[in-house]
Amino acid sequence: MEWLERFASSPAAERIRSAADPQREIPFRIRLGSGSIMVGTIDVLWREGDRIFIRDYKIGRTDGAPRLLYDLQVVFYALAARKHFGDVPYDLALISLKDSNEIGIDISDISWSGIENDIISAANEAGSGSFRPNLEMCPSCPWRRSCHFSQTAGPPDAGD
Ligand code: SF4
């Protein structure tokens with residue numbers, strides 16, 4: 001695959017290669033304040049000084065509606081990392097493999113407690129059966145094929 005070879009020689013790939021001890025495909029399972037469990041897998045994580053770097057690979061498009069979902073996905077990973085590493089600086093980005101591009105995620109104004117509360121609320125709603133999906137997002141949602149709520153047919157636009 002040409003795009004994979006291009007990515008391998010990109011600055012984004014070189015940055016990961018030159019990190020002291022990059023960890024790949026890290027599964028996590030963390031308990032949120034409510035007792036809910038959040039699980040996932042972080043594509044790449046490494047540490048430079050006290051700063052934690054988290055990267056998430058994307059195969060498909062990164063613009064439009066999926067971008068918002070993708071950004072949140074990485075923010076959730078950072079929330080999980082904070083449970084382990086604590087309140088240190090975090091550097092988050094998506095990596096678009098097809099164009100070898102690193103897309104930073106601005107978390108300068110983020111409220112970690114607000115994010116955690118949002119996840120807890122969504123989990124509680126889903127668990128109680130009253131979850132109301134935002135169907136406007138479904139047509140461009142990369143997870144729509146496996147989502148119980150989606151009414152949009154067709155293959156996903158992108159990998160996760
Ligand atoms: S497909 Fe499912 S996960 Fe995706 S936006 Fe729609 S309801 Fe949410």
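Predicted model: local features only at pLDDT ≥ 70, side-chain atom pairs only at ≥ 80, totals over all residues.
Now let's step back to the whole chain. There are four helices and five strands, and going along the sequence they run α-α-β-β-β-α-β-β-α. The C-alpha atoms fill a box of roughly 45 × 40 × 25 Å along the principal axes. How does the radius of gyration fit with a compact globule? A compact globule of 160 residues would be near 15 Å, and the chain has 16 Å, so the two agree. Of those 160 residues, 16% count as buried. As for contacts, take the ones between residues at least 6 apart in sequence: 56% of them join residues at least 24 apart.

On to the inside. You'll know the general idea: in soluble globular proteins, nonpolar side chains tend to be buried together. Here, the largest nonpolar core has 17 residues, and the members that touch the most others are Ile54, Val74, Tyr77, Ala78, Ala81, Tyr90 and Leu92. Which elements supply at least two residues each? Those are strand 2 (37–48), strand 3 (51–58), helix 3 (65–85) and strand 4. Helix 3 gives the most, with seven residues.

Let me pick out alanine 81 from that group. Skipping its neighbours within four places in sequence, alanine 81 is in contact with Leu45, Ile52, Ile54 and Tyr90.

Next, strands 4 and 5. Strand 4 and strand 5 pair in the antiparallel sense, over five bridges. If you want a spot to look at on screen, find alanine 93, which stands opposite glycine 104 in strand 5. The hairpin has four residues between the strands, and that's where serine 100 takes a positive phi near 55°. Serine 100 lies in the loop between strand 4 (90–96) and strand 5 (101–105).

Glutamate 25 sits in strand 1 (residues 23–31), and because it has 9 C-beta neighbours inside 10 Å, it counts as exposed.

Last stop, isoleucine 110. You'll find isoleucine 110 in the loop between strand 5 and helix 4 (112–128). With 15 C-beta neighbours inside 10 Å, isoleucine 110 counts as partly exposed. What does isoleucine 110 touch, not counting residues up to four places away in sequence? Val75 and Ile115. Isoleucine 110 and valine 75 are 35 residues apart in sequence, and their C-alpha atoms are 9.2 Å apart in space.

That's my tour; over to you.

Notes. Residues numbered from 1 in each chain as written. Buried ≥ 20, exposed ≤ 12 C-beta atoms within 10 Å, placed from the backbone. Rg over C-alpha atoms; globule rule 2.2 N^0.38 Å. Contact = placed C-beta atoms within 7 Å. Core = buried A, V, L, I, M, F, W, Y, C linked by C-beta atoms within 7 Å. Pairing = 2+ DSSP bridges.
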